Amino acid sequence: MSLLDTRVPAVLLRTDRNPFHHGTLGAVRSLGRAGVEVHVVADSTGSPIRRSRYVHHMHSPPPPEASARQILAVLRRVADRVGRPAVLIPLDDATAIAAGRLRDDLAPSYLLPEMPATLPERVADKAELAAVCAAADVPHPLTLVPDSPRRAADDAQRLGLPLVAKWSRPWLLPAGGGLRSTQLVHTARQARELHARTAEAGSPLLLQAYLPPGEDRDWFFHGYADRTGAVRAGGPGRKRSSWPRGAGLTAVGHWTPNPEVRALAERITGGLGYRGVFDLDFRRCGTTGRYHLLDFNPRPGAQFRLFEDSAGLDVVRALHLDLTGRPLPDGDPVAGRSFVVENYAPLAALRTPPGGRELAWYAGDDRAPGWAMWALWARHVSGRLRQRLGTAASVPAPRPVPPVVSRAAAPSPTSSTSSTSPTDDEKASS
């Protein structure tokens with residue numbers, strides 16, 4: 001008999017068009033292996049996920065910048081196709097926020113955790129998170145919200161360089177605009193130029209004190225807060241490598257007991273009255289040793305499958321069990337278990353640690369997505385390489401060296417040279 005109620009299907013929702021979102025595949029496999037009918041509402045163009053044997057049906061998603069009403073319309077269409085109440089699992093911040101606000105409109109077609117409608121948006125907003133951490137007495141890097149480009153440059157000097165720049169609501173960033181949700185800023189000029197793009201970004205710019213990475217400093221916690229508020233399933237993990245290196249998503253992670261990180265996760269979710277799946281990112285300060293909360297994601301993290309315990313429970317299965325009224329089994333943590341994203345850490349994928357390992361893409365019982373990923377990844381890498389080579393080829397040729405002039409025709413030492421001398425801003429950015 002399955003651990004889950006197989007009479008209740010699941011609908012996975014994502015508007016982000018990233019074809020390499022392995023967290024979606026993890027959710028498909030987790031529920032599909034338990035016998036649940038899985039519907040995926042996401043862009044399937046070239047996606048390896050549609051090749052999974054555990055996908056019952058792929059549905060066309062709302063556009064990436066869809067309004068809540070557009071998302072509601074799509075979900076109602078999917079509900080008509082599914083034909084019975086389903087557990088809804090948002091897999092990106094935009095859909096988690098929309099689902100929270102639309103909870104009453106989505107009932108009874110969809111099952112969702114009960115919590116304040118605006119809470120997912122509150123914790124996902126980087127500016128709001130600073131206030132949330134202060135209220136809960138959870139360490140958070142010093143964060144400033146400048147109100148002008150000039151103030152951004154001043155605040156950059158105040159915080160010290162380098163620093164971290166974040167857009168408060170990254171899910172509003174326009175696709176293809178070149179703006180990144182988070183980046184390292186090295187000069188006051190960079191901070192000023194970023195702030196000048198606030199209208200384009202759609203939310204305020206935050207400047208945050210930089211906590212340098214290092215050995216044993218990057219941690220995450222995935223969990224599920226059940227209907228009583230108790231944190232079940234999941235656990236603390238240590239990020240061993242990331243993509244891009246030093247600042248990106250988890251490429252290799254290990255399940256590592258850490259009572260301090262767990263206590264912080266329980267403190268902040270309990271204080272907020274949060275219910276449902278969550279993914280927290282921490283960085284330990286090398287000077288004080290304190291763990292600072294960097295991000296609160298109100299949905300499953302991409303590497304949630306790291307935390308499958310001895311009873312076969314992970315955060316997505318915990319959500320399905322709780323919302324369908326079934327008890328959550330008590331399993332033991334599998335300390336030392338690892339999770340590897342093969343295309344980001346191919347060498348790590350060749351090694352199996354003593355605690356066991358799960359790959360993001362390859363699975364013996366579901367091989368097609370893994371093969372499709374490698375074909376897609378090869379095209380992606382070759383395309384990026386061609387783009388870089390094309391950019392390099394388009395750089396104008398250097399100007400010809402001017403002929404040597406006689407000493408009499410040469411400019412005097414007191415002549416103006418402003419056209420070739422670096423400006424103050426250029427000096428600051430060097």
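Reader: Before we get to the sheets, what counts as a strand, and when do two strands pair?

Author: Helices (H or I, at least four residues) and strands (E, at least two) are DSSP runs, numbered from the N terminus. Two strands pair if DSSP finds at least two bridges between them. Keep in mind that this is a predicted model, where local features need pLDDT of at least 70, side-chain atom pairs count only at pLDDT 80 or more, and totals for chains, interfaces and linings use all residues. Residues are numbered from 1 along each chain as its sequence is written, and side-chain values use heavy atoms, with hydrogens and water left out.

Reader: Ok, so what's the strand order in the five-stranded sheet, and is the pairing parallel or antiparallel?

Author: The order is S3-S2-S1-S4-S5, the sheet is open, and the pairing is parallel. Strand S3 (57-59) and strand S5 (110-111) are at the edges with a single partner strand each, so one side of each has no neighbour in the sheet.

Reader: How many bridges join S2 to S3?

Author: Three, between S3 and strand S2 (residues 38-41). Val40, for instance, has Met58 in S3 as its bridge partner.

Reader: And the four-stranded one, what's the order there?

Author: S6-S9-S7-S8, again as an open sheet, with antiparallel pairing. Its edges are strand S6 (143-144) and strand S8 (182-185); each has a single partner strand, so one side of each is left without a neighbour in the sheet.

Reader: Which helix packs on it?

Author: Helix H7 (residues 149-159), which touches S6, S7 and strand S9 (205-209). Its direction makes about 15° with that of S9. Contact here means heavy atoms within 4.5 Å, and axes are lines fitted to C-alpha atoms, for helices over the stretch in contact, with angles running from 0 to 180 degrees between N-to-C directions.

Reader: Which residue in S8 is the bridge partner of Ala165?

Author: Gln183. Four bridges join strand S7 (residues 163-167) to S8.

Reader: Is Gln183 buried or exposed?

Author: Gln183 is buried, at 17% relative accessible area. The cut-offs are under 20% for buried, over 50% for exposed and partly exposed in between, using a 1.4 Å probe and protein chains only. Beyond four places in sequence, Gln183 touches Leu163, Val164, Ala165, Gln190 and Leu194.

Reader: Switching topic: where does His320 sit?

Author: In helix H11 (residues 315-323). His320 is buried, with a relative accessible area of 0%. Leu4 is 316 residues away from His320 in sequence, yet their C-alpha atoms are 7.1 Å apart.

Reader: What else does His320 touch?

Author: Leaving out residues up to four places away in sequence, its contacts are Leu4, Asp5, Val8, Pro9, Leu31, Val36 and Val87.

Reader: Where's Pro298, and is that one buried or exposed?

Author: Pro298 is in the loop between strand S14 (291-297) and H11. Pro298 counts as buried at 8% relative accessibility.
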